[in-house]
Amino acid sequence: MTQVSKLTRRSVLATGAAALGATTLGQPAWAQAKANLQLSWLHSTQFAGSYIALKRGYYEGLEVALQQGGPNAPVEPPVVSGTALIGISAADYTAAAVQEGAPFKILGVAMQNNPFAIASLAGNPVNEPADLVGKRIGMALTNTPVLQALCTLNGVDINAIEIVPTQYSPQPLVAGDVDCLLCWATDLPVAMTIQGVDNVTMLMADYGYAVHSQTYIATEDSLTNRRADILALMAGEVKGWGDYRADTDAATQLTLDMFPDAGLDADTQRLQAARQVPLMFSELTDANGFGWWTDDTVAANIETLGLLGRTVTADLWDRSILEEIHGA
Amino acid sequence: MTRYALGPIAALVLWELIARGLAGSFVLAPPSAIAVYLVENFGLIARALGVTLGNAAAGFVIGNCAAIALAACAIVWPRSDAAIRGAALLVFCLPLVATGPILRVVFGPGPWPQIVLAALAVYYTTLIPLLVGLRAVPSDWLDLLRSYGRGRFSALLHVRAMAALPYLVAGLQIAAPAAFLGAMVGEFTGAERGMGVLTIRAMRGMNVEMTWTLAAVATAVAMLGYWGIGAIAARMLQEDPPVILAAPAALKGGGLGTAAMVAFLVVLVWDVGLRLLDLNTFFAKGPLDVFDALALAPDARDTWSILLRALGETAVFLVPGYFAGLVLGALIAMLIVLVPSVAGTAMPIAIALRSVPIITTAPLVVLLMGRGAAGTMVLVAIMVFFPTLIACLHGLRQAPSRVMDVMNSYAAGPLQQLMRVRIPAMLPAFFAAARMNVPASVLAVTVVEWLATGNGIGSTMALSASVSDYDLLWSAVVIVSLLCVVGYGVVGLVERRVLRVYAPEQLA
């Protein structure tokens with residue numbers, strides 16, 4: 001990290017020009033550089049800031065393609081192979097990949113607060129971690145470390161909670177198979193609200209679960225050799241998400257217009273877009289700009305990741321791109 | 001005709017009533033709601049169907065052509081038979097969780113991962129019945145050809161190809177829903193649009209009408225494919241199945257030698273393939289990486305304990321589900337032969353069970369059977385049931401009419417005819433189904449565990465991919481594939497003992 005931040009403006013321009021030269025080889029001189037941004041899930045307002053950036057031409061000098069994710073589309077392989085310049089990941093997945101030898105850096109944090117939540121029905125609510133005792137929780141067994149971390153952070157005995165393996169859907173909760181669900185605050189609870197099911201959401205980030213989510217990742221190699229492209233892409237993201245925050249309804253409308261075949265429900269998307277705002281923007285980003293973090297938030301992340309069995313150091317995060325964009 | 005229509009109408013009414021009864025639990029939409037949703041969102045569904053159907057059709061053609069080419073190669077050049085069967089089995093064993101992301105990286109955005117997954121979903125269930133059919137030939141026909149000085153290629157073209165047609169039709173009919181499902185699941189790798197994409201959206205949004213409209217459309221398309229192939233086949237297959245009286249075949253030796261050769265070839269192709277595709281070793285692990293992870297690495301013991309525990313969980317569902325699906329498929333096929341009007345109700349349900357994605361049916365099965373082992377077993381049985389049913393139906397129809405005439409002239413009843421003629425005629429097809437369902441059921445159980453129940457080896461593989469533990473993922477793939485080969489071998493042993501008595505031409 002220190003080495004990267006020591007780069008001079010001149011050397012950045014030089015490597016940027018070299019990268020441009022490399023990527024445009026064999027194309028007419030006026031052709032724009034191209035880059036893929038690998039999204040972590042299906043198209044929806046979850047990525048509306050990127051759609052705004054694309055539509056309004058905020059990725060200056062770069063032709064960006066947004067690649068959709070899915071249940072069987074992990075983000076790490078395309079980013080490692082260079083198919084995607086930047087991927088949308090999360091600190092826990094990135095930490096795991098780095099442990100397995102992937103040379104990733106986190107360049108920006110779109111979701112300051114982790115979106116993991118415990119959703120329950122209003123008649124039998126889970127308002128705080130202590131309420132989990134004696135409850136049946138529906139979740140993928142693969143998320144057991146997440147629940148374990150929440151329990152450890154709040155002094156709850158995980159053995160007092162019955163884990164029921166379920167698919168990722170609100171249906172088991174509504175049908176009464178379980179008392180609560182481990183899910184994202186921005187998807188299943190929104191679906192229940194739209195379907196008229198009265199529900200309660202307890203955000204795990206409010207109870208010490210500090211894991212940066214929707215993080216921008218790139219390889220160290222790209223950071224060195226395609227720095228200008230990364231700067232252009234991230235600058236576009238910062239501007240796009242700024243517009244998103246100013247008017248989430250307009251962002252939703254743009255999403256619906258861009259993806260008529262995605263089967264998006266307008267009301268669901270509008271509510272999701274609004275609920276995402278407090279996860280993405282905070283006093284920290286107000287003061288420093290979109291995507292920002294501090295040594296303190298990184299320290300909290302390292303602690304939570306430790307509970308999840310991931311050992312990472314602070315140099316997983318590389319703020320040099322954001323510093324250049326926000327002029328810090 | 002009215003007799004055939006009664007069953008489906010009754011089923012629709014029952015469906016409507018059950019769905020209305022379950023309205024509060026968000027698991028099943030009634031047919032009336034599906035009709036309304038379809039009318040209101042016709043454009044959306046039609047566009048998605050167009051995309052998925054196009055990919056499924058391309059995969060269907062590619063997969064089946066590959067199967068036909070492989071089968072022809074195995075017959076004309078018998079030495080290649082074991083290698084082709086072995087390699088085909090191993091490729092079919094590869095779980096979607098592992099292949100999907102790699103296909104996406106190799107092909108980039110676009111339809112190719114979906115097409116390849118659709119092709120992979122069909123080629124094996126065509127290849128295995130086809131290999132049976134190409135041998136379902138009276139030996140005197142081959143002797144006749146040989147006496148004219150003609151070789152194996154002429155035998156394939158003039159005798160074997162004709163004899164194999166009914167078996168090919170069975171394979172193609174099984175392939176129709178499988179291709180569609182393969183294309184849908186292929187869309188989980190990050191496709192822009194299609195029925196699979198919409199299904200994920202509908203499930204997460206708890207939009208029951210949309211979920212079941214997609215399921216109904218997928219079923220309707222698969223059914224049309226099934227009937228269309230059947231109708232074309234009915235016009236082509238005018239000939240009566242031959243009476244096969246063959247001398248018992250000599251036992252073949254050298255089983256271990258061929259197995260070693262196949263294993264060596266597979267490892268070679270795997271290693272060279274990864275190098276040629278130039279895939280990053282972060283997620284594309286070669287044979288040496290897996291050997292290292294399972295034998296040499298300091299955490300090899302941990303890897304083994306994770307894999308063995310997961311496999312234990314899986315076996316509990318897999319084995320009973322496999323046998324239940326097999327027995328049920330054979331029994332219903334016999335019932336349809338005895339009471340043909342049953343087909344009007346049974347076939348649509350059978351096709352629906354096979355063509356509706358598991359993520360759609362799983363909540364319903366879980367609701368009916370509970371969240372325990374029974375639900376998963378039922379889901380595995382469903383996946384095994386359909387190919388068995390189709391293969392057995394075709395097998396039962398392979399009873400030669402001359403033998404049936406003899407039975408009729410002695411006034412033998414339908415049950416007698418079934419027991420003494422049709423079931424023996426069905427046995428080669430039944431065992432083909434039993435063999436091809438070994439990897440198919442393993443594939444089914446891993447998908448169920450991955451998408452629905454969240455335990456066992458399927459879930460372990462999904463987890464290892466999501467946390468980038470690709471050593472564990474590839475190790476799991478290797479172990480699962482080896483277990484498939486063992487299961488296939490065991491079924492093959494039983495088959496040889498039975499067919500030595502009833503259909504010795506298959507062992508030649």
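## Cavities and domains of chain B

α10(B) gives the most to the lining of the second largest cavity, supplying 3 residues. This report describes a predicted model, in which 6 cavities of 30 Å³ or more are found.

The second largest cavity holds about 100 Å³ of space. Its lining consists of 13 residues, and those closest to its centre are Gln171(A), Phe26(B), Met203(B), Val208(B) and Thr211(B). Two or more lining residues come from each of α9 (195-204), α10 (208-236) and α15 of chain B. By type, the lining of the second largest cavity has 8 nonpolar residues, 5 polar residues and no charged ones.

The largest cavity contains about 440 Å³ of space. It is lined by 26 residues; Leu96(B), Ala121(B), Arg354(B), Met383(B) and Leu443(B) lie nearest its centre. Several helices of chain B supply at least two lining residues each, among them α4 (81-93), α5 (96-107), α6 (112-133) and α8 (152-186). α15 (358-369), α16 (373-396) and α18 (414-453) of chain B also belong to this group. The largest share, 6 residues, is that of α18(B). The lining of the largest cavity divides into 21 nonpolar, 4 polar and 1 charged residues.

Chain B is divided into domain 1 and domain 2, and their C-alpha centres lie 16 Å apart. Domain 1 of chain B brings 51 residues to the contact, and domain 2 of chain B brings 52 residues. Between them the two domains bury about 4700 Å², with 79% of this area on carbon and sulfur atoms. Of the area that domain 1 of chain B buries against domain 2 of chain B, 12% is supplied by Val97(B), Ile174(B) and Leu181(B), more than by any other three residues. How many salt bridges are counted between domain 1 of chain B and domain 2 of chain B? The count is 0 salt bridges.

Definitions and conventions: Residues are numbered from 1 along each chain as its sequence is written. Chains are lettered from A and ligands numbered from 1 in the order in which they are written. This is a predicted model: local features need pLDDT of at least 70, side-chain atom pairs count only at pLDDT 80 or more; totals for chains, interfaces and linings use all residues. Side-chain values use heavy atoms; hydrogens and water are left out. On a 1 Å grid over the protein atoms alone, a cavity is a set of points where a 1.4 Å probe fits but cannot get out, and a pocket is an open set with protein on both sides within 12 Å along at least five of seven lines; lining residues have an atom within 4 Å of a point. Grid points are joined across faces, edges and corners, and a volume is the space filled by probe spheres set on the points. Helices (H or I, at least four residues) and strands (E, at least two) are DSSP runs, numbered from the N terminus. Ala, Val, Leu, Ile, Met, Phe, Trp, Tyr, Cys and Pro count as nonpolar, Asp, Glu, Lys and Arg as charged, and the others, Gly among them, as polar. Domain bounds come from an automatic or database domain assignment. Contact means heavy atoms within 4.5 Å. Buried area is the accessible area (1.4 Å probe) that two parts lose on being put together, summed over both. A salt bridge is a side-chain nitrogen of Lys or Arg within 4 Å of a carboxyl oxygen of Asp or Glu.
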